[in-house]
Structure formats: C-alpha cells, structure tokens
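Colleague: I'm new to this one. Could you walk me through how to read its features?

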Amino acid sequence: MVENNAPILVGVDGSELSIDALRYANELATAMDAPLRVVTAWENPVLGLYFPHHPYDWDPKAKAAEVLETSIARAFDDAPPEGLIHDLLEGPAAKMLIEESKRSRMLVLGTRGAGGFARLVLGSVSATCAEHAHCSVMLVRPAMEEKHEDLPAESE
C-alpha cells in the first residue's frame, strides 16, 4: 500500500500533451495535498560499430535535463509550484515510469508524446503504463478541436 504522502507522478517528454499533463497533475496534487514529482526518462542509445560515439558530442542526459527544465518552465510560466520534485531517470520511459509508480499515488501522462508516430491515438509509453502501472493512471488527451482537426466541416 502506498503511503498517504506519496507523490503524484507525471512523465514529461517536451510534447504539448505532456506539458498539459504536468499542469493537470499539479491541480491533482494540490487537491489531494500530495507532493508533485515530474520526471523525464532518457536512454544512452547504442549506435553500433559504425558510430561508437554520439555524433557531434551529443549528450542524451543533458538533452533530457533540458527537456525537463523547459517543460516545467512552460507549464508554470517560469514559476513552478513550491515543493516540486523533479528527476531524470535513466532507462526506457515506460519501464522507468512503471517502476516509479510503485511509490506513487497516481501517474499522469499525455496520451501522445514526442515520438515519431504523432497520429497514434494512444502512445506506446502511455498504453504500456496504463496496463502495467502499480498505481492509478490518468491519461490527458488532446482537446476536442485538436482531435478532430482533419474531419471535414459539416455542410449546412
């Protein structure tokens, strides 16, 4: 059983929906008098024998830290809530979020992230977490006008 002071956990990847999820998680944390913990997961990809080092000295951990800080700044207009906890997690996003959900009251995620298949209704990380998390999961969806932007206008 999770303690009463367990945080509301939110994963951000810099996408608009993850920033919306962060704002919503803050509202939940305030209403539940719970800490708010925002995380970004990162991996050090193996590029194989042809590229043993990252091109141009690319640093995935530094990039993840930038995504985390930028997401917090955008969500809260450079004024994050008092007591906000933020962390970088090394490993695959879904795996890390599921592990961290063991110590969380709730996990909040956007339904689509910054991955390559932006048109998917439910992203692979959010789908995996919804199925395997150890706490309740709330998925933040796009606004209705965004979801139906490709539909033809009704004729009169």
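Predicted model: local features only at pLDDT ≥ 70, side-chain atom pairs only at ≥ 80, totals over all residues.

Modeller: The buried residues of H2 are Pro-60, Ala-64, Val-67, Leu-68, Ser-71, Ile-72, Ala-75 and Phe-76. Buried means under 20% relative accessible area, with exposed over 50% and partly exposed in between (1.4 Å probe, protein chains only). Helices (H or I, at least four residues) and strands (E, at least two) are DSSP runs, numbered from the N terminus.

Colleague: Where do those buried residues fall, seen down the axis of H2?

Modeller: An α-helix has 3.6 residues a turn, so residues three or four places apart point the same way. In H2 the buried residues fall within an arc of 130°, so they line one face of the helix; the arc is that of the directions from the helix axis to the C-beta atoms.

Colleague: What covers the buried residues of H2?

Modeller: The cover includes helix H1 (16-32), strand E2 (36-42) and strand E3 (85-90), with contact meaning heavy atoms within 4.5 Å.

Colleague: And in what order do the strands form the sheet?

Modeller: Strands of a sheet pair through backbone hydrogen bonds, either parallel or antiparallel. Here 5 strands form an open sheet, E3-E2-E1-E4-E5, with parallel pairing; two strands pair if DSSP finds at least two bridges between them. E3 and strand E5 (136-140) stand at the edges with a single partner strand each, so one side of each has no neighbour in the sheet.

Conventions: Residues numbered from 1 in each chain as written. Heavy atoms only, no water.
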